[in-house]
Amino acid sequence: MNQLQVWAPNAQSVELAKANKQSFVPAVILTPTTVTYRGATMSGYWQVPAGTSVLSDGDGYWFKIVIQNGETRYRVDPYARALRHSESHSIYKDPSEFAWTDAGHAP
């Protein structure tokens, strides 16, 4: 599974949840991290721990975000390669599973 991450600067915690908003067993708790962009280090990011492999190609998922006031919000992955529709879960797409058909393309 590719490394999933999300920017949630006001979060107390972030968890990866299934399409039905249920937790994985065991729960997949994201860890705080930083991102370097144009030489600047930016905080507020969360990432799935390395080695986590709970999603397969086509599986739906949410980021379950608990914000500082204790409220829980479910959010789509802004970097997702697919969505069910604009008000539903993200869909995990494994790039190694995609059947490319453009090998013979000539511009």
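1. Start with a side-chain contact. In this predicted model, a polar atom of the T52 side chain lies 2.7 Å from the backbone oxygen of P49.

2. Where does T52 lie? T52 is in the loop between β5 and β6. Strand β5 covers 40-47, and β6 covers 60-67.

3. Is T52 buried or exposed? T52 counts as buried, because its relative accessibility is 18% and the cut-off for buried is under 20%. So this loop residue is a buried one, with its side chain in reach of the P49 backbone oxygen at 2.7 Å.

4. Now the fold as a whole. The protein has 9 strands and 0 helices. Read along the sequence, the pattern is β-β-β-β-β-β-β-β-β.

5. Next, contacts along the chain. Take the contacts between residues at least 6 apart in sequence: 58% of them join residues at least 24 apart.

6. Overall dimensions come next. The C-alpha trace spans about 55 × 40 × 30 Å along its principal axes.

7. On burial and surface: the protein has 107 residues, and 30% of them are buried. T52 counts as buried too. The accessible surface is about 7200 Å². Carbon and sulfur atoms account for 49% of that surface.

8. Last, charge. How many positive and negative charges does the protein have? There are 9 positive and 9 negative charges. Their mean positions sit 7 Å apart.

Methods
Residues numbered from 1 in each chain as written. Predicted model: local features only at pLDDT ≥ 70, side-chain atom pairs only at ≥ 80, totals over all residues. Heavy atoms only, no water. Helix = DSSP H or I, 4+ residues; strand = E, 2+ residues; numbered from the N terminus. Buried < 20%, exposed > 50% of the residue type's maximum accessible area, 1.4 Å probe, protein only. Contact = heavy atoms within 4.5 Å. Areas by Shrake-Rupley, 256 points an atom, 1.4 Å probe, with all protein chains shown as cover. Lys, Arg positive; Asp, Glu negative; His and termini not counted. Charge placed at Lys NZ, Arg CZ, Asp CG, Glu CD. Polar contact = N/O pair within 3.5 Å; in protein donor to acceptor, adjacent residues only side chain to side chain.
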